[in-house]
Amino acid sequence: MFNSVTKRPVWRHLQTHAAGLRSYPISSLFDLDPHRFEKFHRVQDGTVLDFSRQHMTTDTLALLLQLAKEQDVEGWRTRMFAGEKINTTEDRAVLHTALRRPASDTVLVDNENVMPGVEAARQKMKDFCEKVHSGAFKGATGKKIDTIVNIGIGGSDLGPYMVTEALKHWELDGITSHFVSNVDGTHIAETLKDIDPETTLFLIASKTFTTQETMTNAATAKEWLVQQLGNETAVKNHFAALSTNRSAVEAFGIDPENMFPFENWVGGRYSLWSSIGLSIALNIGYDQFDALLQGAHAMDEHFQTAPLEENLPVLSALIGIWNRNFMGYPALAVLPYDQYLHRFPAFLQQLDMESNGKRVTRNGHAVDYATGPTVYGEPGTNGQHAFYQLLHQGTDITPCDFIIPKISQNPIGPHHQLLQANVVAQAEAMMRGRTLDEANGDPQRVFEGNRPSSILLLEEISPYHLGQLIALYEHKVFTQGIIWELNSFDQFGVELGKEMANKLLEDPRSIGDIGILDYLKS
């Protein structure tokens with residue numbers, strides 16, 4: 001018999017508690033406790049989590065922490081880091097954390113230490129980066145590589161693309177990067193217009209080397225290169241594979257020496273730390289890529305060792321559980337106030353929605369509670385002039401995560417001070433609102449307020465601190481999945497539409513009488 005988490009007494013206590021708390025606006029909680037910020041913020045290695053504007057009290061937090069303990073978050077956390085096969089539907093370990101551990105550590109999967117293999121893969125990436133950057137690895141005509149085109153989709157694109165954009169300040173001189181993912185021919189066509197075939201290296205990122213979108217784009221890139229250089233053998237000098245399918249890689253024409261594999265316990269949305277991150281290392285240099293790994297590992301250590309009440313990923317997860325399941329808010333807005341993070345919300349969409357957008361538990365039982373939220377966002381201050389209208393005055397309440405660095409990589413005039421002022425002002429405005437009296441009787445200018453938010457303050461957008469930020473959200477999503485009793489590491493929801501598309505290509509009538517097809521083909 002399925003014993004849902006909703007049957008736990010602590011869950012029912014949280015429901016009762018939420019009902020009572022609704023009559024107390026968030027702003028009134030500040031009035032009741034002048035030291036509220038001190039109680040509702042945490043600091044870890046320069047990262048500050050301010051959740052004082054969440055609609056919660058110390059009693060709320062105590063109940064949520066009890067829920068986390070009863071759902072065995074700590075036990076599942078131990079199992080994940082130990083290499084147990086917690087991805088039960090695919091019988092796999094979940095070890096993206098091993099990719100950023102020191103080589104001297106031991107992590108066993110099926111009684112085999114995976115760390116020598118992890119270190120060998122890292123060393124191969126480092127050696128290849130040095131060859132490309134020094135000019136030892138050249139194109140077919142003897143010219144130095146100066147352009148990287150990563151061809152992938154999903155985690156093989158969103159992670160590396162987000163990180164490369166976020167660390168653009170750290171981009172090496174003489175290197176330009178492009179990312180192609182969409183099977184729409186426009187994406188590859190527009191990219192090919194801007195690059196020189198003699199100095200371009202294509203990275204084909206597909207574990208199986210069969211991903212339809214990726215391999216379609218790869219074939220187009222190969223055809224273009226051969227046409228431009230007039231030699232099929234040029235492929236060996238201009239393509240590398242991030243894959244485990246050696247025979248398919250060789251059949252494509254890629255030198256297996258330029259093949260960078262990774263293990264099956266590396267999930268796509270967690271793969272930027274693996275060989276899939278080669279585009280990142282080529283863009284910013286391997287040493288900076290290593291700093292990214294170190295930042296993530298530091299957050300791993302914090303997540304593993306900090307008490308739950310001091311644990312940034314756990315607290316972030318519990319805030320999300322509270323808002324989703326007890327306050328009834330269906331979405332989360334992720335609002336980075338740094339232009340370098342403009343792809344971070346899109347990255348988090350996959351991380352969160354693909355992980356916890358599930359309707360059955362890891363044991364196959366239908367849930368009777370809400371799971372993963374809808375995640376969206378844009379950088380501030382652009383978002384303020386787009387969808388913040390709904391955030392402030394819409395009929396639905398959307399909790400917000402504001403993210404901002406203390407230090408700007410481009411300290412020009414008053415720009416960063418304006419940015420920081422806008423973050424705090426938006427959070428305060430969402431919480432406090434504006435009464436009818438304050439609006440001089442104009443109902444159009446009334447803001448209800450009482451809209452919760454958190455602020456994540458980073459030291460700066462550097463490789464190390466970005467690694468911390470990404471890992472924080474990874475572990476937040478994991479923690480929520482455990483509380484919701486989900487397997488956060490499979491993604492069967494992406495399959496059905498792709499299967500039906502393949503059937504339509506083979507036989508347009510194979511899945512029924514779809515009238516629109518006649519118009520598409522006319």
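A residue counts as buried under 20% relative accessible area, exposed over 50%, and partly exposed in between (1.4 Å probe, protein chains only). With 64%, Q444 is exposed. Q444 sits in the loop between α17 and β12, and its C-alpha lies 9.3 Å from that of Q393, 51 residues away along the chain.

A quick word on the model: it is predicted, with local features needing pLDDT of at least 70 and side-chain atom pairs pLDDT 80 or more, while totals for chains, interfaces and linings use all residues. Residues are numbered from 1 along each chain as its sequence is written, and side-chain values use heavy atoms, leaving out hydrogens and water.

Now for α17. Helices (H or I, at least four residues) and strands (E, at least two) are DSSP runs, numbered from the N terminus. The buried residues of α17 include H416, L419 and V423. Its buried residues fall within an arc of 130 degrees (taken from the directions from the helix axis to the C-beta atoms), so they line one face of the helix. They pack against these elements, where contact means heavy atoms within 4.5 Å:

| Partner of α17 | Residues |
|---|---|
| α2 | 26–32 |
| α16 | 388–393 |
| β11 | 400–405 |

β12 is also one of the partners. Just after α17, G433 has a positive phi of about 70 degrees.

Elsewhere, four strands make an open parallel sheet, ordered β6-β5-β7-β8; strands pair if DSSP finds at least two bridges between them. β6 and β8 are the edge strands, each pairing on one side only. β5 is joined to β6 by five bridges, and I151 has V180 as its bridge partner in β6.
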